[in-house]
Amino acid sequence: MEHGIALIATLAWGLGLALILGYFASRLRIPALVGYLLAGICIAPTTPGFVGDISLASQLSEIGVVLLMFGVGLHFSLHDLLRVKNIAVPGAVLQMAVATVLGTGVAHLWGWDFGASVILGLCLSCASTVVLLKGLEAHGSLETGEGQVAVGWLVVEDIVTVLLLVLLPSLASVLNPNNVSSDQSLSTAMLETGVLIVGFIFCMVIFGRRVLPWALVQAAKTGSREIFTLAVIAIAIGVAYASAEIFKVSFALGAFFAGMMMRESEYAHRAAQDTLPLQDAFSVIFFLGVGMLFDPTILIKEPLKVLCVVFIIMFGKNIVATALVKLLGYSWRYALTVGAALSQVGEFSFILAGLGKTLGLLPDEGLTLILAGAIISIALNPLLFRAVEPLVNRIAPEKPLPDPVVLSPTTNTKVKGPVVIVGAGVMGRDISDSFEDKGIPAFVIEKNVNLVSEDELKHNFVLGDATQHEVLDRAWVERAELVILTIGDAIQERKIIEEVRKINEEVRIIALTQKDGDKEFFKDASGVMLPNIMCLDLRKEMAKNLLFYSVGYYRRKTSSES
């Protein structure tokens with residue numbers, strides 16, 4: 001089959017089967033990614049029927065990882081990364097060390113030599129970028145405090161894994177002196193890798209922080225949507241490729257830093273929106289590629305070994321990560337979410353295993369076991385996320401919120417409908433305090449735990465992502481007369497509005513915007529503003545009247561109803 005035809009055939013069969021199996025998985029209330037993995041197995045060389053091109057699928061999967069990490073970087077500032085360094089750095093290093101020891105010990109019991117055992121342990125210690133981000137996103141935790149910790153943890157793991165990939169040829173002679181010898185000393189390899197990583201971070205922070213936002217602005221000035229989208233994709237893939245070629249870091253790490261640097265641009269939200277469809281499409285191809293590498297016969301030949309590998313990935317890593325986060329002083333919600341996010345393996349594990357096999361350290365059976373563990377852990381990972389909330393409620397239940405019925409000091413009448421404010425920034429807090437001073441009940445939703453104190457959580461603050469139905473329920477949106485969105489991110493605000501409307505169709509919504517063109521997100525397909533929504537621009541004097549308008553509207557609404 002010609003190379004071009006192989007690509008088209010692989011995409012046609014793979015995406016078609018992924019659509020069908022993903023659809024049935026969703027109907028059965030099973031994560032859609034299980035269907036994608038099964039689709040990959042269906043076109044794998046180990047199963048009858050059409051055989052897809054594994055090498056092409058692997059390269060397309062890498063593009064998916066690049067775009068996904070770039071998109072995360074657009075919502076993840078350098079400040080966010082530095083803020084979680086005290087937990088991400090020691091946590092990632094210790095968790096990888098413990099997981100490596102567990103994998104090494106189990107493989108040694110199987111009779112493997114020391115080198116093969118260590119390589120297996122290292123492969124089981126790496127988490128998958130795509131699975132972690134998809135899991136956090138589905139759980140509504142990607143931009144919360146625990147989500148930021150998990151992403152920071154993943155970045156540290158990536159850096160450590162890059163170091164391992166560079167050092168492995170030098171370590172090969174130590175792990176298995178009979179098979180491999182290295183002409184480069186370990187100290188030299190470590191020094192070179194350290195210099196390259198420091199150089200990469202320096203270039204991105206000093207130069208990338210200025211050049212990338214400027215390039216995005218120049219593309220936007222052309223007025224061409226195609227040029228802007230092309231610029232975003234070219235920057236994401238180009239920076240990832242250049243980072244790998246020049247500084248020897250992973251494509252994912254290069255793309256993540258490119259997104260973080262581009263976040264400084266006022267067009268970052270538009271860039272995130274334009275790349276979202278590509279992220280979704282290529283992430284499906286990633287799961288297809290994983291499925292194509294799997295040999296199902298391993299489940300029959302070595303079921304006990306597969307169970308051991310899956311246990312280490314899903315429970316060993318989970319317990320270690322959860323315990324480390326808890327010991328560092330974080331809440332059970334943080335600990336359990338981070339533990340669930342890291343309870344899988346993926347692309348870096350395959351790269352490490354492939355290199356170990358090339359160096360003569362890992363047997364063929366090891367690569368097959370890692371793939372089996374990856375597929376099973378990826379398929380079951382969403383179940384761990386679903387268990388987080390019940391476990392939190394069981395271990396550390398949150399106190400129920402009081403019924404938002406108060407006596408108004410001005411009218412001495414009962415006011416039933418509260419005001420819900422999304423965002424605990426300066427604006428959100430000022431509005432909340434002003435409403436409370438006037439005897440109007442106000443609930444504040446904030447997803448960053450570092451912005452909310454324990455006393456506030458006992459009073460009128462709700463911790464969580466406002467795009468999630470259960471979070472809105474806890475803030476009494478069903479009874480709300482007014483919802484005020486102060487986060488300034490039009491994409492997120494539109495998602496919140498859609499969820500709010502499912503609960504309360506008649507509630508009035510005020511959305512604060514801070515960029516030109518943001519109002520377009522609050523219009524329907526015909527260009528008409530959605531009903532009962534007012535947009536106020538934070539940069540204009542009009543925003544100063546927000547409080548007066550909100551209080552005035554609220555009083556008129558409740559007075560007319562009473």
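Helix H1 gives the largest share of the lining of the largest cavity, 4 residues. That is a friendly place to start in this predicted model, whose chain has 562 residues, 53% of them counted as buried. The secondary structure comes to 22 helices and 8 strands. Among contacts between residues at least 6 apart in sequence, 75% join residues at least 24 apart.

**The cavity**

- The structure holds 1 cavity of 30 Å³ or more, and the volume of the largest cavity is about 50 Å³.
- At least two lining residues come from each of helix H1 (3–27), helix H3 (54–74) and helix H12 (268–292).
- By residue class, the lining of the largest cavity divides into 9 nonpolar and 2 polar residues, with no charged ones.

**Helix H15 and Thr-337**

- Helix H15 runs over residues 332–341 and is mostly covered, with 9 of its 10 residues buried.
- Those buried residues are Arg-333, Tyr-334, Ala-335, Leu-336, Thr-337, Val-338, Gly-339, Ala-340 and Ala-341.
- Leaving out residues up to four places away in sequence, Thr-337 touches Leu-136, His-139, Ser-141, Glu-146, Phe-385 and Val-388.

**Helix H18**

- Helix H18 (residues 426–437) has 12 residues, which at 1.5 Å a residue should span 16 Å; the C-alpha atoms at its ends are 17 Å apart, in agreement with that expectation.
- Buried in H18 are Gly-428, Ile-431, Ser-432, Ser-434 and Phe-435.
- Looking down the axis of H18, you will find these buried residues within an arc of 165°, so they line one face of the helix.
- Val-426 and Asp-437, on the other side of H18, are exposed.
- Just after H18 comes Gly-439, with a positive phi of about 75°.

**Two loop residues worth a look**

- Trp-476 sits in the loop between helix H20 (469–474) and strand E6 (482–485).
- The backbone of Trp-476 has a phi near 60°, a positive value in a residue other than glycine.
- Leu-530 belongs to the loop that joins strand E7 (508–513) and strand E8 (533–537).
- With a relative accessible area of 18%, Leu-530 is buried, because the cut-off for buried is under 20%.
- Neighbours within four places in sequence aside, Leu-530 is in contact with Arg-494, Phe-522, Lys-523 and Asp-524.
- Leu-530 and Ile-497 are 33 residues apart along the chain, and their C-alpha atoms are separated by 9.8 Å.

Terms used:
Residues are numbered from 1 along each chain as its sequence is written. This is a predicted model: local features need pLDDT of at least 70, side-chain atom pairs count only at pLDDT 80 or more; totals for chains, interfaces and linings use all residues. Side-chain values use heavy atoms; hydrogens and water are left out. Buried means under 20% relative accessible area, exposed over 50%, partly exposed in between (1.4 Å probe, protein chains only). The expected span of a helix is 1.5 Å times one less than its number of residues. The arc is that of the directions from the helix axis to the C-beta atoms. On a 1 Å grid over the protein atoms alone, a cavity is a set of points where a 1.4 Å probe fits but cannot get out, and a pocket is an open set with protein on both sides within 12 Å along at least five of seven lines; lining residues have an atom within 4 Å of a point. Grid points are joined across faces, edges and corners, and a volume is the space filled by probe spheres set on the points. Ala, Val, Leu, Ile, Met, Phe, Trp, Tyr, Cys and Pro count as nonpolar, Asp, Glu, Lys and Arg as charged, and the others, Gly among them, as polar. Contact means heavy atoms within 4.5 Å.
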